[in-house]
Amino acid sequence: MLVQYLPFLVLFIVAVAFAGGAMVLSRLLGPKRPSATKLEPYESGMVPIGGTRGRFPIRFYLVALLFILFDIEIIFLYPWAVIFLEAGAARVFLFFEILVFLGVITVGYVYIWRKGALDWE
Amino acid sequence: MLPAHYYLMLSAVLFTTGTLGVLIRRNPIIMFMSIELMLNAANLAFITFSRYQRSLDGHIFVFIIMTVAAAEVAVGLGIIISIFRTRTDINIDDLNIMKG
Amino acid sequence: MRIPVDPSDWLILIPEFILLGTAIAILMIDAFAKAASDRSSPWISLAGTAGAIVAAVFLWGNPLSGFGGMIVNDDFGVLVSTAILTGTALAVLISVDYVRREELPAGEYYALILLSTIGMLLMVSSANLIMIFLSLEVLSIALYVLTGFARMRPRSQEAGMKYFLLGSFSAAILVYGVALIYGATGTVDLQSIADELISPGVLGNPVLLAGAGLVLVGLGFKVAAVPFQMWTPDVYEGAPSTVAAFMSIGSKAAAFAALVRVLIFAMGGLRPEWLAAVWVIAALTMTVGNLVAIAQDNIKRMLAYSSIAHAGYILVAVAAANRLGLQSIPFYLIAYAFMNLGAWAVVTAVTRKGEEAVGLSDYSGLFWSHPVLAGSMGLFMFALAGIPPTAGFTAKIYVFMAAVAADMIGLLIIAIVTTIISAYFYLRVTVIMFMERPAEPPVVTVPTPLAVAIAVAAAGTIWLFLFPGVTQSFTDTVARLL
């Protein structure tokens with residue numbers, strides 16, 4: 001039973017050994033000439049400003065929360081699409097049904113937009 | 001494929017971990033994470049049973065549970081943030097104006 | 001499970017759609033014309049609730065089922081929905097001036113009340129465990145926000161947090177129970193579960209029993225049954241009073257409807273297994289609720305324990321699981337909606353320095369300054385204690401008769417003894433109102449909408465005592481479902 005997972009185990013061991021080996025070798029063999037610029041954390045080429053442990057403004061969380069909500073509602077379009085494909089004559093009705101669903105989400109969007117939850121300032 | 005009861009045992013372990021987390025931990029955010037763990041344990045159980053019975057119903061239920069969990073997160077974090085604004089720490093034992 | 005697409009399914013959900021449309025209208029008015037929304041939203045929501053009541057009654061006597069059997073609209077559901085909508089309408093009436101006084105955002109407040117009501121109505125008509133979970137969350141999430149709605153008050157925040165954590169904890173327990181039942185029976189449809197239970201192999205399945213137990217725990221949290229009641233007093237005390245009034249009716253009625261559907265309609269075949277558990281929970285709930293209520297000197301906490309105790313009496317009817325029990329549950333819930341909301345309405349009227357005066361001593365001498373208000377409060381206390389001439393008496397008699405018919409003499413004795421004990425703290429409120437006035441009496445304001453709500457609640461409380469037959473003929477058809 002478990003024997004069929006043997007290739008995975010081998011792959012896992014090889015992967016760990018290769019990655020670990022490469023790191024150890026480069027540390028042992030590589031030349032080290034540290035300078036101030038080299039020791040800075042790499043942030044896509046930008047010069048970093050401030051520490052990494054700073055507090056994010058609370059707005060950031062608000063927008064993230066709203067994003068999660070709207071993002072996950074869309075998951076229901078997938079089962080709907082599957083049913084729609086096979087629905088035949090009921091397609092027109094299904095179309096209006098999903099319009100109601102999207103309409104309710106739009107109401108939520110209009111509401112947070114009017115209430116200023118999306119204003120960054 | 002691993003037998004179904006492996007997944008069920010994992011799901012039971014996750015559920016128990018979550019339950020103990022809610023009962024033992026005192027930080028609301030950790031408690032809430034434990035509740036999410038319980039919901040995900042249920043999701044895993046649904047998927048397992050669904051596969052075991054060769055029906056797709058369980059998958060749809062997982063969609064629904066995930067959506068509900070997201071809505072819960074939004075409201076829960078909203079409440080926690082609003083408490084954060086008026087006080088600095090949120091240990092649940094300090095929230096005891098009301099007793100009885 | 002294959003769900004046929006059928007436009008006529010939407011007919012079943014007309015009450016819910018009326019409420020949804022109203023809630024959306026309120027939100028949009030709030031977003032685009034804030035000032036108009038503060039004035040108009042209570043009346044719009046009242047109109048929406050009235051429309052929903054009409055639509056619900058229109059569905060009466062015409063049992064429908066739709067969405068592949070996920071939603072049913074039988075007479076039991078219509079009656080409990082009526083109780084919930086009555087509670088919502090009265091809660092909106094007592095909120096009109098309360099929301100203004102507490103400076104709560106009106107549009108959001110009423111929209112959330114209506115959205116929560118939608119969840120309650122859906123829960124009542126759910127014939128599917130996943131629908132029960134989903135509607136439970138719809139009603140609860142709105143209630144979490146409403147509980148913590150008075151953001152400037154630490155008590156409200158604390159209550160919101162506690163309700164949220166314990167509420168979602170119980171929902172997670174419930175959904176895991178649903179998963180186990182799904183595993184054991186291969187379905188989450190209540191009717192199919194009932195059919196499955198006929199085959200002997202399923203009955204003793206430990207996975208099924210564990211699942212049923214977890215569902216019972218999850219719903220036990222929502223109806224505030226002992227030992228899952230610990231959130232109730234804090235939440236009722238901290239939440240804005242109108243919200244506490246609203247949820248004490250709606251979420252309890254909805255959870256009881258779901259409990260009846262799960263335990264009696266779906267798992268009637270398992271009654272020998274669950275009876276002992278429900279018996280113990282009912283006995284504990286009545287005893288603890290009434291005994292701890294005696295020690296309270298805060299009227300909101302007293303009403304919270306009273307609400308726990310009443311859940312115990314309804315659980316007696318659930319445990320009986322017979323014709324009479326099934327008849328008495330909707331009657332009890334409707335009667336409870338009137339008498340409990342009446343009591344909460346009076347609580348919102350008595351204030352001190354802009355805060356609610358919640359101490360029992362604040363009520364001393366109320367009769368001498370406000371005889372009508374104190375008289376109504378006395379009536380509601382009589383009703384909650386189960387003393388005639390009130391609906392509370394009739395409701396308790398029905399429950400006791402159901403217990404007799406089910407041969408549950410032990411539970412009947414506990415119910416009667418705790419009823420007698422409960423008379424002590426309900427009547428104490430009445431007695432206090434006749435005592436001498438304190439040096440610094442609280443401010444009592446009874447604006448018109450609140451007065452109307454109290455009058456309707458009082459009239460309903462007496463009307464159901466005088467003419468229990470009005471709902472009796474309704475509940476007869478309910479019992480035929482068994």
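I began with chain B, which reads α-α-α along its sequence. I counted 3 helices and 0 strands there, helices being DSSP runs (H or I) of at least four residues and strands DSSP runs (E) of at least two, numbered from the N terminus.

I noted that this is a predicted model, in which local features need pLDDT of at least 70, side-chain atom pairs count only at pLDDT 80 or more, and totals for chains, interfaces and linings use all residues. Residues are numbered from 1 along each chain as its sequence is written, while chains are lettered from A and ligands numbered from 1 in the order in which they are written.

I looked up burial in chain B: of its 100 residues, 33% count as buried. A residue is buried if 20 or more other C-beta atoms, placed from the backbone, lie within 10 Å of its own.

I then turned to the contact of chain B with chain C, where 32 residues of chain B meet 32 residues of chain C. Contact here requires C-beta atoms, placed from the backbone, within 7 Å. On the chain B side, helices H1 (4-24), H2 (28-52) and H3 (57-86) each give two or more residues. H3(B) supplies the largest share, 14 residues. By class I found 24 nonpolar, 6 polar and 2 charged residues on this side; Ala, Val, Leu, Ile, Met, Phe, Trp, Tyr, Cys and Pro count as nonpolar, Asp, Glu, Lys and Arg as charged, and the others, Gly among them, as polar.

I followed one residue, Tyr176(C). Its contacts, leaving out residues up to four places away in sequence, are Phe15(B), Met38(B), Ala41(B), Ala42(B), Ala45(B) and Leu214(C). Tyr176(C) is also among the residues with the most contacts inside the largest nonpolar core, which has 227 residues. Such a core is a set of buried Ala, Val, Leu, Ile, Met, Phe, Trp, Tyr and Cys residues joined through C-beta atoms within 7 Å.

Ala391(C), Phe393(C) and Thr394(C) of H17(C) meet Thr461(C), Leu464(C) and Phe465(C) of H19(C). I sorted these residues into 4 nonpolar, 2 polar and no charged.

Last, I looked at chain A, which is divided into domain 1 (2-39) and domain 2 (58-114), with bounds from an automatic or database domain assignment. The centres of the two domains, taken over C-alpha atoms, are 45 Å apart.

Note on methods:
Buried ≥ 20, exposed ≤ 12 C-beta atoms within 10 Å, placed from the backbone. Contact = placed C-beta atoms within 7 Å.
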